[in-house]
Amino acid sequence: YTRGTVTAFSPFDARADAEALRKAMKGMGTDEETILKILTSRNNAQRQEIASAFKTLFGRDLVDDLKSELTGKFETLMVSLMRPSSIFDAHALKHAIKGAGTNEKVLTEILASRTPAEVRNIKQVYLQEYEASLEDKITGETSGHFQRLLVVLLQANRDPDGRVDEGLVEQDAQVLFRAGELKWGTDEEKFITILGTRSVSHLRRVFDKYMTISGFQIEETIDRETSGDLEKLLLAVVKCVRSVPAYFAETLYYSMKGAGTDDDTLIRVMVSRSEIDLLDIRQEFRKNFAKSLHQMIQKDTSGDYRKALLLLCGGDDD
């Protein structure tokens with residue numbers, strides 16, 4: 001069961017696809033249209049089979065060929081589609097913590113939105129691929145309460161959803177109220193522990209109860225009482241607890257709103273959610289931003305890059 005826009009293509013013939021891609025890149029000029037049509041309409045597992053057939057038939061690496069034939073954002077998008085899904089997040093995190101400056105935005109987006117099972121998988125893949133501990137890498141590049149919440153999320157030990165205990169809901173809501181609104185200075189640790197470890201269904205009740213007790217949405221308190229990277233991460237966690245698709249709809253909206261486009265974020269979200277919940281994200285987008293995701297991509301991007309993104313988007317929501 002998936003709410004993705006990209007599903008397994010049928011009837012699928014990896015060798016025929018490999019041949020079509022080779023032909024599209026052979027000789028003078030490149031047939032971008034063929035490349036984008038094939039790669040956006042096959043799922044990730046099928047793309048891996050195509051890459052394998054490509055190597056078998058031609059002794060060439062498909063990703064290397066794409067890199068040498070394509071340029072710019074379109075190249076980035078096609079190469080991202082070719083990344084095995086298990087490696088996708090690990091790779092994004094690796095690049096977020098590499099070299100000068102850390103991309104906190106990427107750490108926040110991935111670690112706030114992935115399920116505990118997904119986080120465990122990311123850690124395992126990271127270790128296999130890069131022979132390093134993701135946690136060590138992240139703690140080496142971050143600090144303070146931001147670092148602590150990331151480490152809590154990396155433990156992937158959030159309580160599983162079960163029966164919600166109203167007494168504990170009341171208690172957590174009171175603790176958060178006292179740690180934030182009622183305290184001179186904020187007890188960030190309480191926010192980190194509760195938001196990082198309680199189950200999703202429990203937290204949804206805590207947020208309702210918090211509103212009743214304090215008269216504020218928890219987001220408003222976080223906004224007022226914390227700042228910087230910690231604030232952004234706490235808000236991302238709260239939004240993902242409320243609704244992961246709504247969180248990504250908002251992330252996509254702000255990647256395109258205003259002057260200039262944050263293409264890295266646009267590509268990362270479109271690719272990583274295309275087989276999971278992009279249909280739900282589209283629905284939330286339409287509901288919350290008075291236009292469709294399709295319309296915004298149409299307006300904000302151009303060329304083959306736009307064509308490919310619109311195919312991944314998979315339709316308009318009038």
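This is a predicted model: local features need pLDDT of at least 70, side-chain atom pairs count only at pLDDT 80 or more; totals for chains, interfaces and linings use all residues.
**Exercise 1.** Work out which class, buried or exposed, Arg 42 falls into, then find its salt-bridge partner and the ring that it covers.

*Solution.* Start with accessibility: Arg 42 has a relative accessibility of 8%, so it counts as buried (buried is under 20% relative accessible area, exposed is over 50%, and partly exposed is in between, using a 1.4 Å probe and protein chains only). Residues are numbered from 1 along each chain as its sequence is written, and side-chain values use heavy atoms, with hydrogens and water left out.

Next, the partner. Arg 42 makes a salt bridge with Asp 17, and their closest N and O atoms are 2.7 Å apart (a salt bridge needs a side-chain nitrogen of Lys or Arg within 4 Å of a carboxyl oxygen of Asp or Glu). This bridge links distant parts of the chain: Asp 17 belongs to helix α1 (residues 14-25), Arg 42 to the loop between α2 (32-41) and α3 (44-58), and 25 residues separate them. Helices (H or I, at least four residues) and strands (E, at least two) are DSSP runs, numbered from the N terminus. Asp 17 also has 8% relative accessibility, so it counts as buried.

Last, the ring. Arg 42 lies over the face of Phe 9, 3.8 Å from the ring centre (the test is NZ of Lys or CZ of Arg within 6 Å of the ring centre and within 35 degrees of the ring normal).

**Exercise 2.** Count the salt bridges, then say where the partners of the Asp 172 and Arg 198 bridge sit.

*Solution.* The count comes to 22 salt bridges. In this one, the closest N and O atoms of Asp 172 and Arg 198 are 2.7 Å apart. The pair links distant parts of the chain: Asp 172 is in helix α11 (residues 166-179), while Arg 198 is in the loop between α12 (188-197) and α13 (200-214), 26 residues away. Now check burial: Asp 172 is buried at a relative accessible area of 5%, whereas Arg 198 is partly exposed at 23%.

**Exercise 3.** Classify the ring pair of Tyr 253 and Phe 289 from its geometry.

*Solution.* A pair of aromatic rings is described by the distance of the centres and the angle of the planes. The structure holds eight aromatic pairs. For Tyr 253 and Phe 289 the centres are 4.0 Å apart and the planes are at 5°, so the pair is stacked. The rule: rings of Phe, Tyr and Trp (its six-membered ring) pair if their centres lie within 6.5 Å, and planes under 30 degrees apart count as stacked, over 60 as edge-to-face and the rest as tilted. Tyr 253 comes from helix α16 (residues 244-256) and Phe 289 from helix α18 (residues 278-289), 36 residues apart. Both Tyr 253 and Phe 289 are buried. Zoom out a bit, and ring pairs join Tyr 253, Tyr 254, Phe 285 and Phe 289 in a cluster.

**Exercise 4.** Find which residues of helix α19 are buried and what they pack against.

*Solution.* In α19 (residues 293-300), the buried residues are Leu 293, His 294, Met 296, Ile 297 and Asp 300. They cover an arc of only 165° around the axis, so they lie on the same side of α19 (the arc is that of the directions from the helix axis to the C-beta atoms). These buried residues pack against α16, α17 (263-273), α18 and α20 (303-313), where contact means heavy atoms within 4.5 Å.

**Exercise 5.** Locate Arg 3 in the chain and list what it touches.

*Solution.* Arg 3 is in the segment before α1 and is partly exposed, with a relative accessible area of 26%. In sequence, Arg 3 and Ile 276 are 273 residues apart, yet their C-alpha atoms are 5.5 Å apart in space. Leaving out residues up to four places away in sequence, Arg 3 touches Ile 276, Asp 277, Leu 278, Leu 279, Asp 280 and Gln 283.
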